[in-house]
Amino acid sequence: MTTGRVIKNYNGFYYVDTGDQELVECRRRGKLKAKILVGDRLSLTMVDDHKGVIEAVLPRSNALRRPAVANIDQMFIIMAAQSPDPNQFLVDKMLMTCEYAGIHPKLCFNKCDLDREKAEQYQSFYQDCGYDVYLVSARTGEGIDALLRLLPQKITAFGGPSGVGKSSLLSRILGRDLSVGQVSEKIKRGRHTTRHSEILCMDDHTYVVDTPGFSSLEFENLEPRELIQLFPDMMPYTGTCRFNSCLHYHEPDCCVKHAVAEGKIRKERYETYCKILESILERKRFAW
Ligand SMILES: Nc1nc2c(ncn2[C@@H]2O[C@H](COP(=O)(O)OP(=O)(O)OP(=O)(O)O)[C@@H](O)[C@H]2O)c(=O)[nH]1
Ligand SMILES: [Zn+2]
C-alpha cells in the first residue's frame, strides 16, 4: 500500500504527492465515504505508475473548515503594520480560529517599512502571549529570508484580511508573480482559477497554501467552558479557581482574573476573552 498527500482536488480526481517526481492521479474507492480534503494523507493502491485508487483517509492532525484544508504543518496569520491598521480583536479572533482547528499559528506583520514602531509593539505583545511574530516587508524584502527558512518540507498556510499584502508576500516567497496566474509545474494549474484553498508548490514536498476565505466563525459551536482552551496564554492559570465550573468571568476567587490583575495575562487578551464569552452566552440564551 502506498501513502501520499492530496495536493489538489479537481473534477473528481485527487492529485496525490507520494514522494515521486510526478503527482499521482487518483479516484476514490467507491465504498469510501470519508470526506477528502486538500492536505489529507491517504493510503492508496497504485494502478500504474501515475494512477491510483484511494483506499482510506489517514487520521488528521488538524483541519480547517474554511478554507477546507487538513494537516497543515504551520499557519501564518498575515497582518499589516499599517494600511490597513492592525486590529487587536481581529488578530485575537484569527488566532482563536486556528487554535480551535488544532493549529498554533505564527503571526507575520507585513508593510513594516510603513510603521516599524507599531509592528514592534505588536511583536512584543504577541510574543508575550506565546506566539512567534515575524516582521517583514514585501516591498523592501526585509525579513523574507527568515520566513523562507521555515518553509522547507512543510505545508504552510497563509491567511489574513484583505489588503495586508498577502499576494505581494507570497509572490516574494515563491519568487514568481502570483497576480498574473503563473502555472506551477507540478500542479499544472494557474492561480486565481478557484476560490478554494490552493496548494502552491515551491519545490518537491514544500507547499504553500493561500487561504483567501479565512473565516473566523469556526468556533460558533463552542461551549462557554471550552473557550479558554483557545487562549494558550491563559490556560496555565486555569484549574485552581474556586469553582470547577469557573468561566473566569464574574466568579469570585478566579485564578485567571488574579493573573490579569498581576499583569501575568495581558489585559487586552482577557478583554477579548470576555467579549467572545459574552457573545457565546448570548447565543445560548437565544437558543433556549
Ligand atoms: N508599503 C508597503 N506596501 C505593500 C507591502 N506589501 C504590499 N503592499 C501594498 O499593499 C497593497 C495590497 O497588496 P496585495 O498584495 O494586493 O494585498 P492582499 O493582501 O493580497 O490583498 P487581497 O488581494 O485584497 O487579499 C498593494 O498596493 C501593495 O503594493 C509592503 O511590504 N509595504
Ligand atoms: Zn476562573
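Cys246 is found in the loop between S15 and H5 of a predicted model, in which local features need pLDDT of at least 70, side-chain atom pairs count only at pLDDT 80 or more, and totals for chains, interfaces and linings use all residues. Residues are numbered from 1 along each chain as its sequence is written, while chains are lettered from A and ligands numbered from 1 in the order in which they are written. Helices (H or I, at least four residues) and strands (E, at least two) are DSSP runs, numbered from the N terminus.

Cys246 is found in the loop between S15 and H5 of a predicted model, in which local features need pLDDT of at least 70, side-chain atom pairs count only at pLDDT 80 or more, and totals for chains, interfaces and linings use all residues. Residues are numbered from 1 along each chain as its sequence is written, while chains are lettered from A and ligands numbered from 1 in the order in which they are written. Helices (H or I, at least four residues) and strands (E, at least two) are DSSP runs, numbered from the N terminus. Cys246 is buried, since 21 other C-beta atoms lie within 10 Å; the class requires 20 or more such atoms, exposed residues have 12 or fewer, and partly exposed ones fall in between, with C-beta atoms placed from the backbone. Beyond four places in sequence, Cys246 contacts Cys241, Glu251 and Cys254, a contact being two C-beta atoms, placed from the backbone, within 7 Å.

His248 is found in the loop between S15 and H5 and counts as buried, with 25 C-beta neighbours inside 10 Å. Its contacts, leaving aside neighbours within four places in sequence, are Ile228, Cys241, Cys254, Val256 and Lys257. An unreviewed UniProt entry annotates Cys241, Cys246, His248 and Cys254 as "binding site"; such positions are given in the numbering used here, feature names are shortened, and annotations may be inferred rather than shown by experiment. Asp253 lies in the loop between strand S15 (206-210) and helix H5 (255-261). With 11 C-beta neighbours inside 10 Å, Asp253 counts as exposed, and its phi is positive, about 50°, although it is not a glycine.

A positive phi, near 55°, also occurs at Asn11, a residue other than glycine. Asn11 is in the loop between strand S1 (2-10) and strand S2 (13-17) and is exposed, with 4 other C-beta atoms within 10 Å.

The protein is divided into domain 1 (2-57), domain 2 (63-210) and domain 3 (224-287), with bounds from an automatic or database domain assignment. The centres of domain 1 and domain 3, taken over C-alpha atoms, are separated by 43 Å.

Ile199, in strand S14 (residues 198-203), is buried, with 23 other C-beta atoms within 10 Å. Not counting residues up to four places away in sequence, Ile199 touches Ile7, Lys8, Val38, Tyr207 and Val209. Ile199 and Val209 are 10 residues apart in sequence, and their C-alpha atoms are 4.4 Å apart in space.

The end C-alpha atoms of helix H1 (residues 88-100) are 18 Å apart, in agreement with the 18 Å that its 13 residues should span at 1.5 Å a residue; the expected span is 1.5 Å times one less than the number of residues. Buried residues of H1 are Val91, Asp92, Met94, Leu95, Met96, Thr97, Cys98 and Tyr100. They pack against strand S8 (74-80), strand S11 (155-159) and helix H6 (267-287). Pro84 is in the loop between S8 and H1, and the peptide bond from Ser83 to Pro84 is cis, with omega near -5°. Just after H1, Gly102 takes a positive phi of about 85°.

Ligand 1 is surrounded by 14 residues, the closest being Arg139, Ser162, Gly165, Ser167 and Ser168; the criterion is a C-beta atom, placed from the backbone, within 6 Å of the molecule. Helix H4 (residues 166-174) gives the most to this shell, with 3 residues.
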